[in-house]
Amino acid sequence: MKMTFRWFGEGQDPISLEHIRQIPCLDGVVTSLLTKPAGEVWTKDECLGIRRAVEGAGLKAEVIESVNIHEDIKLGADTRGAIIENYIETMKNLAEIGIKVICYNFMPVLDWARSHLYYDLPDGSNTMYFSREFIENTTPKELAAKYAADSGGMDLPGWEPERLRHIEATIGKYKDISSDQYWENARYFLDKIIPWAERLDIRMAIHPDDPPRPIFGLGRMINSKANIERFLGLNGSPYNGITLCTGSLGADKNNNIPDIIKTFADRIYFAHIRNLRFTEDGFYESAHPTECGSLDMFAIVRAFYETGFDWYIRPDHGRMIWGEKGRPGYGLYDRALGITYITGIWETLRRLDGRE
Ligand code: CS2
Ligand code: MN
């Protein structure tokens, strides 16, 4: 496996590449153009800028998270043709800077959702929290306003201003399309881009829905073993793959993550490893070790190890600890601890296997 760390890009991340570079056992960063509206081309120059910044700091960038999908593609609107062309153009420009994996999601309108961005834990740290009751009693607009106030105006990935501008109207459009139609729209997109992914040698890795349950009346697609199987069946190319996010899928107690890893091992190109703890009303994001949360992190890492996983891993959301302030889920310290924990398990498994 190759260990990576998410970096939000020049001018977009309070954590510097110089600090990221000091995390032990790191192979590279996962990055993006955070402020680029979905549907627009990432130009050659912008892509070269990514490479220059990352390589200048002595790191590699082989994974992009995310190249976002425009709503017209998800909705199957007449305008999607030109937007998909732009997506392919972006893929070509990313191939030129050596990108091997593109992570994206196909969630309607919203990316991830939480009720609280900075929920206080008894040890003095804080973390993201999902309260079912809170979410059921709020509107997307209210939630967006709460995020903006709580995060002090920082752009949150998945809640970019552009996405929020027409949020209610866009949600309204989803009322008119059936779940089957939604799946067909995904197939249409895949059939257009996957031949290019093959040509450019870029693995497409869809991220699961977070949380895996419907919110604000919006349906879900990548939220269970059966649905992952259905998705991979839409286009059978090995270039149509998934990002295995343990915290997204793991928020549904019916999902057995090690089993899902073993089942789809040959189509997983990117792993997001995070733990969570269930509460009566939902869950919060805990530190990575098994004993800190509700997921069996050892079994998860072992499943990757035993299937010979040779792609990219990154620690996913951590807590804010040691007084750090920053983008919720994406502090330096707790994610760095996550890396040392995961690499520790990995080395142990390797050594017990008799390998150096
Ligand atoms: C999230 C998402 O779980 C996660 O990693 O922070 O915002 C994720 O980056 C996107 O859903 C991927 O497209
Ligand atoms: Mn994730």
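Asp201 counts as exposed, with 11 C-beta neighbours inside 10 Å. Asp201 is placed in the loop between α9 (179-200) and β7. Phi of Asp201 is near 55°, a positive value in a residue other than glycine.

The structure is a predicted model, in which local features need pLDDT of at least 70, side-chain atom pairs count only at pLDDT 80 or more, and totals for chains, interfaces and linings use all residues. Residues are numbered from 1 along each chain as its sequence is written, while chains are lettered from A and ligands numbered from 1 in the order in which they are written.

Phe216 also has a positive phi, of about 50°, although it is not a glycine. Phe216 lies in the loop between β7 and α10. This residue is partly exposed, with 18 other C-beta atoms within 10 Å. The loop between β7 (203-206) and α10 (225-234) also holds Pro211. The peptide bond from Asp210 to Pro211 is cis, with omega near 0°. A cis bond is found from Glu65 to Ser66 too, with omega near -5°. Ser66 sits in the loop between β3 (61-65) and α3 (71-75).

The chain contains 14 helices and twelve strands. Helices (H or I, at least four residues) and strands (E, at least two) are DSSP runs, numbered from the N terminus. The radius of gyration of the chain is 19 Å, close to the 21 Å that the globule rule gives for 356 residues, so the chain is as compact as a globular protein of that length. The radius is taken over C-alpha atoms, and the rule is 2.2 Å times the number of residues to the power 0.38. Along its principal axes, the C-alpha trace spans about 55 × 45 × 40 Å. Of the 356 residues, 44% count as buried. Among contacts between residues at least 6 apart in sequence, 73% join residues at least 24 apart. Two residues are in contact if their C-beta atoms, placed from the backbone, lie within 7 Å.

In soluble globular proteins, nonpolar side chains tend to be buried together. The largest nonpolar core here has 87 residues. Such a core is a set of buried Ala, Val, Leu, Ile, Met, Phe, Trp, Tyr and Cys residues joined through C-beta atoms within 7 Å. Leu94, Val101, Ile102, Ala205 and Phe270 have the most contacts inside this core.

Val101 belongs to strand β4 (residues 101-104). Val101 and Cys103 point one way from this strand, Ile102 and Tyr104 the other way, and all are buried. Strands β3 and β4 run parallel and are joined by three bridges. Two strands pair if DSSP finds at least two bridges between them. Val63 has Val101 as its bridge partner in β4. Strand β4 also pairs with β7 in the parallel sense, over four bridges. Here Tyr104 stands opposite Ile206 in β7.

Ligand 1 has 15 residues around it, and Ser66, Asn105, Asp111, Gly158 and His207 come nearest. A residue is near a molecule if its C-beta atom, placed from the backbone, lies within 6 Å of it. The shell has five nonpolar, six polar and four charged residues. Ala, Val, Leu, Ile, Met, Phe, Trp, Tyr, Cys and Pro count as nonpolar, Asp, Glu, Lys and Arg as charged, and the others, Gly among them, as polar.

Technical notes
Buried ≥ 20, exposed ≤ 12 C-beta atoms within 10 Å, placed from the backbone.
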